[in-house]
Amino acid sequence: MCRAFSQPPQPLTPEERNSAIESIDRREFMSFCAKIAATIGLAPSFIPQVAEAVEGAARKPSVIWLHFQECTADSEAFLSLSYPSVEELVLNILSVDYHETIMAANGFQAEEALKKAMADNKGKYLVVCEGAIPTGTPPGPGGAKGAYCAIGGKTALDLATEVIKDSAAVVCVGTCASYGGVQAQRPNPTGAKSVGDALGIPTINIPGCPHNPVNLVGTIVNYLLLGSLPKTDRYGRPLFAYGKRVHDHCLRRAHFDAGQFVEKFGDDGAKQRWCLYKVGCKGPQTYNNCPTVEYNDSTSWPVKAGHGCVGCSEPDFWDTMQPFYERLPNIKVPGVEASADKVGLTLVGAALAGAGAHAVYTFANRGKFDETQKKEEGGHE
Ligand code: SF4
């Protein structure tokens, strides 16, 4: 309501206040949908359809979210989403039928909920995995394979095998489920593996430590809107999120190109927000959309906050990206750009080589979840 400037400000009526709050929420929701559309590579004209897919979600896939060896940061990241809120995601957009951290049920009731979700949605449910799966056998008498992590008396290995068997697709959130993560770091005493390696199956991977929930929602919206899971690189990462290096769209890139580097944390270069390459940034070797999507509702991300990228979305990053506070080896500075780009281009080539093979990430049951895939594979309606 427009009020004349000459009048003293009047308090809003409860109706006006509610209407204002709703309109702000709607604006923010639409801006979130714009972000999702941009993230998955759709033109702005698709924003209303994205909103419809997120709000309407007539198909409402059943989701079973499993926890293995992890720190629950991926659930934390998921729970921190504002738009859509976790309630909308869990209750309206998806049907999250089992999630150990947030479900009210526990013990036998929780196990019953899992069994029911599997039986009611056989061949159609989506499994979201968080954490690595241990495949080693603890020493001592009675040690069973994989017994380092057990839920409800079953090893993570057995539980994952049982639940994934009748699913439509598996999405791994976080680097542990995607590639083993910190748990699989040398010497890896528990024999931790990624879900894909432990079970010998293809998975869609949304790595990161933690993953960015915007990319999980983007993957789900891709399915709701386009009827298919997104194309991936050879590491199972959706190309819409992991098709470019952090370095390619970093906010400090101009300083890299100009040869302006932070030499030591806290120096003048750091205060000027110069490039963090010399203090260990692994952005030139890392594929992720952190610079454009950011974390915590687009508040910030490590490089924006002044810390170099540690390459957490790359396979085996904990072993291969160390030391975190030293620059990439064998790369000259400056003239840096050519060398760093060369490193990245090798990886770009590898990623593109895998791009056309996204169908590999379809496993036996995916056709039940993904009607488009059925048509592609069968060639018939
Ligand atoms: S090296 Fe790191 S901080 Fe520098 S431009 Fe590349 S990604 Fe950004």
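**Reading a ligand site and a sheet**

The ligand sits in the largest cavity.

Q: What kind of model is this, and how are residues numbered?
A: This is a predicted model, in which local features need pLDDT of at least 70, side-chain atom pairs count only at pLDDT 80 or more, and totals for chains, interfaces and linings use all residues. Residues are numbered from 1 along each chain as its sequence is written, and side-chain values use heavy atoms, with hydrogens and water left out.

Q: Where does the ligand sit?
A: A cavity is a set of points, on a 1 Å grid over the protein atoms alone, where a 1.4 Å probe fits but cannot get out. A molecule sits in one if more than half of its atoms lie within 2 Å of its grid points. Here the ligand sits in the largest cavity.

Q: Which residues surround the ligand?
A: A residue counts as near if one of its heavy atoms lies within 4 Å of the molecule. The ligand is surrounded by His 247, Cys 250, Arg 252, Arg 253, Phe 256, Cys 275, Leu 276, Tyr 277, Cys 281, Gly 283, Pro 284 and Val 303. This shell divides into eight nonpolar, two polar and two charged residues; Tyr and Cys count as nonpolar, Arg as charged and Gly as polar.

Q: In what order do the strands of the open sheet lie?
A: Strands are DSSP runs of E, at least two residues, and helices are runs of H or I, at least four, numbered from the N terminus. Two strands pair if DSSP finds at least two bridges between them. Five strands form the open sheet in the order 2-1-3-7-9, with parallel pairing. Strand 2 (95-99) and strand 9 (204-206) are the edge strands, each pairing on one side only. Strand 1 (residues 62-67) is joined to strand 3 (residues 126-130) by five bridges, and Ile 64 stands opposite Val 127 in strand 3.

Q: Which strands does helix 5 touch?
A: Contact means heavy atoms within 4.5 Å. Helix 5 (residues 107-120) packs on the sheet, touching strand 1 and strand 2.

Note on methods:
On a 1 Å grid over the protein atoms alone, a cavity is a set of points where a 1.4 Å probe fits but cannot get out, and a pocket is an open set with protein on both sides within 12 Å along at least five of seven lines; lining residues have an atom within 4 Å of a point. Axes are lines fitted to C-alpha atoms, for helices over the stretch in contact, and angles run from 0 to 180 degrees between N-to-C directions.
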